[in-house]
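Here is a short report on a protein chain. Look at the structure first, then read on.

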Amino acid sequence: MSDEAKRRVAHWVRTPVRELKAYAVPSAANLIKLDAMENPYPWSPELRAAWVEVLRDVSLNRYPDPRAQTLSAGLRDALAVPAGAELMLGNGSDELIQIILLALAQPGRAVLAPVPTFVMYELLATVAGMRFVGVPLRADFTLDRDAMLLAIAREQPAVVFIAYPNNPTGDVFPVADIEAIINASPGLVVIDEAYFAFAEHTFMARLAQYPQLVVMRTLSKQGLAGLRLGILAGHSAWLHEFDKIRLPYNINSLTQASAEFALRHRDVMDAQAAQIRRDRGELALALQALPGVQVYPSAANFILFRVPGSASAVHARLIGAGVLIKNLDHAHPLLAGCLRVTVGTPAENTAFLQALRTALA
Ligand SMILES: *Cc1c(COP(=O)(O)O)cnc(C)c1O
């Protein structure tokens with residue numbers, strides 16, 4: 001029986017899919033969780049009570065608004081989407097990346113991004129049957145503009161992804177380099193601004209200027225990772241096509257109601273982001289003070305750093321001490337020896353630093 005299942009899988013499941021490694025999410029039970037760029041702050045009891053009141057009135061027997069019109073209007077305003085640009089919502093920005101790639105996929109076509117970067121670009125490009133071309137950053141994780149322009153000229157990519165700031169390195173690539181990439185790209189350029197709340201740099205206002213540009217945001221890194229809400233802004237000609245691939249009710253009623261509620265209270269999210277930005281500075285200074293540790297500048301809510309000796313061993317010792325961060329030791333050759341920590345609460349950051357000091361000793 002299981003042999004027969006395996007035989008059929010080997011025959012019918014596409015080779016690129018069988019060769020993929022699933023996106024791994026480690027268990028964080030009983031650990032201080034600083035691995036996934038989540039906002040560590042819950043809402044106050046009063047705010048939670050008000051939110052639950054809103055959810056009480058959601059009609060679960062009905063399908064959600066397929067266009068999430070009320071939420072979209074609120075988002076346009078909150079995200080300062082320029083006139084002329086349209087919005088499309090996704091079940092997380094992961095879904096938006098998938099929709100874009102499904103729309104552009106054709107055998108042989110390339111998807112290009114500087115690497116190391118957010119792994120879903122390559123994973124979803126592979127699933128869509130496209131060729132992923134990663135252009136290595138320099139050893140200090142700055143953008144290699146000339147290498148990018150050469151690769152774009154050679155590969156003529158259907159789409160270029162730029163995470164701005166980049167994950168897992170945390171840096172914001174220079175505006176002039178990104179403009180050169182946009183101008184050189186024959187297809188679509190996606191600027192992924194998942195960390196906008198912590199970087200405050202954006203290409204949103206340039207949508208009118210560049211018809212080949214779309215800008216992606218998400219509420220995940222700002223305290224609403226559980227809701228799954230991603231936002232794509234761009235010219236209606238692109239979004240009109242992408243919208244045909246989007247499943248009709250991809251944003252469920254609870255997410256729509258909750259996100260509308262969150263937007264009405266966005267001062268709370270903004271204050272939390274400001275707190276995280278301050279704590280990021282302190283955490284970076286404390287990391288820099290550790291002997292042998294190299295810290296990379298970050299405009300996001302995480303910090304990439306390199307440790308002397310085996311990063312995997314340090315990572316394992318941190319788990320032993322009750323702290324989960326991200327091990328990037330084997331994620332890409334440029335990341336050898338690197339770990340990534342999400343900025344947590346001051347108490348979590350202190351516990352992490354204490355555990356790291358011990359792990360490095
Ligand atoms: C976390 C992350 C995302 C995914 O966000 P979701 O909206 O939770 O799917 C997208 N892009 C980058 C660069 C990220 O780091």
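The sections below go from the inside of the model to its surface.

## About the model

This is a predicted model: local features need pLDDT of at least 70, side-chain atom pairs count only at pLDDT 80 or more, and totals for chains, interfaces and linings use all residues. Residues are numbered from 1 along each chain as its sequence is written, and side-chain values use heavy atoms, leaving out hydrogens and water.

## Two nonpolar cores

A nonpolar core is a set of buried Ala, Val, Leu, Ile, Met, Phe, Trp, Tyr and Cys residues joined through side-chain atoms within 4.5 Å. Buried means under 20% relative accessible area, exposed means over 50%, and partly exposed lies in between (1.4 Å probe, protein chains only).

The largest core has 52 residues. Leu75, Ile191 and Leu213 touch the most other members. Helix H11 (residues 253–264) gives this core its largest share, 4 residues. A second, separate core has 32 residues, including Leu34, Val295, Val323 and Ile325.

Contact means heavy atoms within 4.5 Å. Leaving out residues up to four places away in sequence, Ile191 touches Ile162, Tyr164, Ile178, Phe203, Leu213, Val214, Val215 and Met216.

## An enclosed helix

Helices (H or I, at least four residues) and strands (E, at least two) are DSSP runs, numbered from the N terminus. Why is helix H6 (residues 120–127) largely enclosed by the rest of the structure? Because 6 of its 8 residues are buried. They are Met120, Tyr121, Leu123, Leu124, Ala125 and Thr126.

These buried residues pack against helices H2 (15–18) and H5 (93–104). They also pack against strands S3 (110–115), S4 (131–136), S5 (159–163) and S6 (188–192). Gly129 follows H6, and its phi is positive, near 85°.

## Two residues of helix H14

Asn349 lies in helix H14 (residues 346–360). Asn349 counts as buried because its relative accessibility is 6%. Its side chain reaches the backbone nitrogen of Gly344 at 2.8 Å. Beyond neighbours within four places in sequence, Asn349 contacts Asp279, Leu283, Thr342, Val343 and Gly344.

Ala351 also lies in H14. Ala351 is partly exposed, at 28% relative accessible area. With neighbours within four places set aside, Ala351 contacts Ile32 and Val323. Ala351 and Val323 are 28 residues apart along the chain, yet their C-alpha atoms are separated by 7.9 Å.

Val9 lies in helix H1 (residues 2–12). Is Val9 buried or partly exposed? Val9 is partly exposed, with a relative accessible area of 39%.

Notes
Polar contact = N/O pair within 3.5 Å; in protein donor to acceptor, adjacent residues only side chain to side chain.
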